[in-house]
Amino acid sequence: MTDAPHGRAAALHILATGYTTSTGPGVAATVSLVVDGDLRIVFDPGMVAHAAVIPDALAALGLAPADVTDVVLSHHHPDNVLNAGLFTAARMHDHKAIYRGHEWTDRDAEGYAFSDSVRLISTPGHSHEDITLLVGTPEGVVALAGDLWWRADGPADDPVAPDRAQLRASRERVLAVADRVVPGHGAPFTPNGTTPR
C-alpha cells in the first residue's frame, strides 16, 4: 500500500516562498494553496515579510481569505502558523483535530482524505506533531512537508528535532511517494540522491 493519493486532479500554488537566515532579513514560511474542486486549502500560513503578502497572493488568483475552505498547520511553531487568523471561515487542521469557530472535532491526521487527490499523513520528527499534506497533481505527487526540510539542503541535522531517528523515518516515508517537496522555508524541490535523509 502506498501513501500517495489515488487522484491527480489538484493544483498547487505557492503563495509565498519562505527563507531562514542568521544575518537577515529574518524568517518566513513557505505558504501554499491547494485547489481541488471546491476545496481551497492553505498550508502553513506562517510568518511573512509583511501583512499583505498572503492576501495579495490570493487576490492575484482571484481569491480572498474568506474563500479558503481549509487551513493545514504542519506543526505548532509560530513561524509556520502566525497568520492562521486570516482565515476565520476555514476549517483548521492539525495532527489531532479539526477546528472551526467553537467546534473541535478529534481525528487523527494519519490518512485523513480531503479528496481522492489530497490527504494527510503523520510525519513527526521536526516536532512531535508534524503532518504532511500529499497532493496528487497532473504532474505527480507533491508533498507539503512543513519543516521536515527547511529548504532543499535540509538542514541535514535539524537543530530543533526532538528525535533524529523519527525525523529520518518521516523523511524516508515522504521521499517514497513525492515527486516534488515543498519545504517549510524554501522553494519547492525535486528530491534526488543529495536530499538530506
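# A walk through one predicted chain

Asp 94 is in contact with Leu 73, His 76, Tyr 99, Arg 107, Ala 109 and Ile 131, leaving aside its neighbours within four places in sequence.

Where does Asp 94 sit? It is found in the loop between strands E7 and E8. Is Asp 94 buried or exposed? At 2% relative accessibility, Asp 94 counts as buried, because the cut-off for buried is under 20%.

Now look at what the side chain of Asp 94 does. One of its polar atoms lies 2.9 Å from the backbone nitrogen of Lys 96. For the backbone nitrogen of Ala 97, the distance to a polar atom of the Asp 94 side chain is 3.0 Å.

Next, Lys 96. It belongs to the loop between strand E7, residues 91–93, and strand E8, residues 97–100. Its relative accessibility is 40%, so Lys 96 counts as partly exposed. Which residues does Lys 96 contact, beyond its neighbours within four places in sequence? They are Trp 104, Thr 105, Asp 106, Arg 107 and Asp 108. Glu 110 is 14 residues away from Lys 96 in sequence, and the two are 8.9 Å apart, C-alpha to C-alpha.

Let me step back to the whole chain. How many helices and strands are there? The secondary structure comes to three helices and 14 strands. The chain has 197 residues, and 52% of them count as buried. A compact globule with 197 residues would have a radius of gyration near 16 Å; this chain has 15 Å, which agrees. Along the principal axes, the C-alpha atoms fill a box of roughly 45 × 40 × 35 Å.

Then contacts. Take those with a separation of 6 or more: 55% of them join residues 24 or more positions apart. The accessible surface is about 8,600 Å², and carbon and sulfur atoms hold 55% of that. On charge, there are 14 positive and 24 negative, and their mean positions are 4 Å apart.

Ile 41 lies in strand E5. Its relative accessibility is 0%, so Ile 41 counts as buried. Not counting residues up to four places away in sequence, Ile 41 touches Ser 32, Leu 33, Val 34, Asp 70, Val 72, Phe 114, Val 118 and Leu 133. Val 68 is 27 residues from Ile 41 in sequence, yet their C-alpha atoms are 6.1 Å apart.

Val 135 is in strand E12. At 0% relative accessibility, Val 135 counts as buried. Setting aside residues up to four places away in sequence, it touches Pro 5, Ala 10, Val 34, Ser 117, Gly 140, Val 141, Val 142 and Leu 144. Val 34 links the two pictures: it touches Ile 41 and it touches Val 135. Ala 9 is 126 residues from Val 135 along the chain, with 8.8 Å between their C-alpha atoms.

On to a histidine. His 126 is placed in the loop between strand E11, residues 118–122, and strand E12, residues 131–137. Is His 126 buried or exposed? It counts as buried, at 3% relative accessibility. Its side chain makes a polar contact with the side chain of His 77, at 3.2 Å. Beyond its neighbours within four places in sequence, the contacts of His 126 include His 75, Asp 147, Trp 150, Asp 158 and Leu 167.

Last, two points of backbone geometry. Which peptide bond is cis? The one from Gly 154 to Pro 155, with omega near 10 degrees. Pro 155 is in the loop between strand E13, residues 140–144, and helix H3, residues 164–175.

The other point is Asp 44. Its phi is near 55 degrees, a positive value in a residue other than glycine. Asp 44 is in the loop between strand E5, residues 39–43, and helix H1, residues 53–60. With 1% relative accessibility, Asp 44 counts as buried.

That is the tour. Questions are welcome.

Definitions and conventions: Residues are numbered from 1 along each chain as its sequence is written. This is a predicted model: local features need pLDDT of at least 70, side-chain atom pairs count only at pLDDT 80 or more; totals for chains, interfaces and linings use all residues. Side-chain values use heavy atoms; hydrogens and water are left out. Helices (H or I, at least four residues) and strands (E, at least two) are DSSP runs, numbered from the N terminus. The radius of gyration is taken over C-alpha atoms; the globule rule is 2.2 Å times the number of residues to the power 0.38. Buried means under 20% relative accessible area, exposed over 50%, partly exposed in between (1.4 Å probe, protein chains only). Contact means heavy atoms within 4.5 Å. Accessible areas come from the Shrake-Rupley method with a 1.4 Å probe; for residues, only the protein chains shown count as cover. Lys and Arg count as positive and Asp and Glu as negative; His and the chain ends are not counted. The place of a charge is taken as NZ of Lys, CZ of Arg, CG of Asp or CD of Glu. A polar contact is a pair of N or O atoms within 3.5 Å; within protein, one must be able to donate a hydrogen and the other to accept it, and residues adjacent in sequence count only if both atoms are side-chain atoms.
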